[in-house]
Amino acid sequence: MARTAASTARQLLAASFSGMVFGFLEDGGQEFKQSYSSSDGSSQENEAMFDIEDDHEEAGEDEKDKKFWDNQNQILEATLCRTSSLETKIRSVTKETVKESGEAVCGCGKAASGCRSCLMREVSGRLCNAGYNSAICKSKWRSSPDIPSGEHTFLDVVDNSSSRKGEVRVIIELNFRAEFEMARASDEYNTLVQRLPEIFVGKVERLQNLIKILCSAAKKCMKEKKMHMGPWRKQKYMQAKWLGACKRTTSTPPLSMGQSDQLRPRPKASMLTVDLLGEMIPNIHCKVVAVL
Ligand SMILES: [Zn+2]
């Protein structure tokens, strides 16, 4: 059963990347109002901004929209410009590795150039060499009434060097901007996405904020365009990718033959159990209704 769900999700994901269009059976407006009953309570601000009415004839609606986008831009800027010295150092090793490796990194034979899994292994290895507890993380989540199941692979560094701050986890995503790009988005949304770094290196809290900002914006954008938003664009789906339970593979053994992104569980693998998904509220039923 789980396997079926996972393969369905893979199909969904593959479909989303090849430009297929999905929609909800339910009314889009209903989905819009419900999905803010989410997670941590800190989304009050965003929630308020989303409390807009359907009829755009109302005077001042354009002004409100403008205010929304100005505000998203401001909080995005504020989130991106803050950084700690730990993040800066990890970012610099990461960028250096990507720059030096260029398109050439692929030892698994899967791709002639630009193999994501090989590049991730290279970056993780370099971070380990630089003394960081870096790992390749594979998250995997089940489908729920809110979102389809799926999996995602990225990198992290767990830092325990500061006794004052305790354990700090820094997430590294090499294709961050692409995760939020939408084919038929509005100019406002595109502008926001263009401000994102291609390579994200930042603490969990920072990533949480960015997800919140971008998913709110995606929702607003789709509402303005009167289009349905794919479930993989939802805040909960994005959170599941990077912030849910994941398997960390800390060893970086020499590349084996074939099977590139099948990261086999290795002896050092451990589970991080951040159970964000436990809070899901089962009230939206989605289904694939249109394939184009
Ligand atoms: Zn490869």
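1. Starting with the helix contact: Tyr189, Leu192 and Val193 in α7 meet Ile213, Leu214, Ala217, Ala218 and Cys221 in α8, contact here meaning heavy atoms within 4.5 Å. Sorted by type, the residues of this contact of α7 with α8 are eight nonpolar, no polar and no charged (Ala, Val, Leu, Ile, Met, Phe, Trp, Tyr, Cys and Pro count as nonpolar, Asp, Glu, Lys and Arg as charged, and the others, Gly among them, as polar).

2. A word on provenance: this is a predicted model, where local features need pLDDT of at least 70 and side-chain atom pairs count only at pLDDT 80 or more, while totals for chains, interfaces and linings use all residues. Residues are numbered from 1 along each chain as its sequence is written, and side-chain values use heavy atoms, with hydrogens and water left out.

3. Back to the geometry of that helix pair. The axes of α7 (residues 187-194) and α8 (residues 204-224) come within 9 Å and cross at roughly 165 degrees; axes are lines fitted to C-alpha atoms, for helices over the stretch in contact, with angles from 0 to 180 degrees between N-to-C directions. That makes α7 roughly antiparallel to α8, a label for angles over 145 degrees. The crossing of α7 past α8 is left-handed (the near helix is turned anticlockwise from the far one by less than a right angle).

4. On naming, helices (H or I, at least four residues) and strands (E, at least two) are DSSP runs numbered from the N terminus.

5. Now the strands, which pair if DSSP finds at least two bridges between them. β1 (residues 133-141) runs antiparallel to β2 (residues 150-159), joined by nine bridges. For landmarks, look at serine 139 opposite histidine 152 in β2, and at lysine 140, whose bridge partner in β2 is glutamate 151.

6. β1 also pairs with β5 (residues 246-249), again antiparallel, through four bridges. Here lysine 138 has lysine 247 of β5 as its bridge partner.

7. β2 pairs with β3 (residues 168-173) too, in the antiparallel sense over five bridges. Valine 158 stands opposite arginine 169 in β3.

8. Finally, α9 (residues 235-243): nine of its nine residues are buried. Among them are Lys236, Lys241, Gln235 and Gln239, along with Tyr237 and Trp242.

Technical notes
Angles under 35 degrees count as roughly parallel, over 145 as roughly antiparallel, 65 to 115 as roughly perpendicular and the rest as oblique. Buried means under 20% relative accessible area, exposed over 50%, partly exposed in between (1.4 Å probe, protein chains only).
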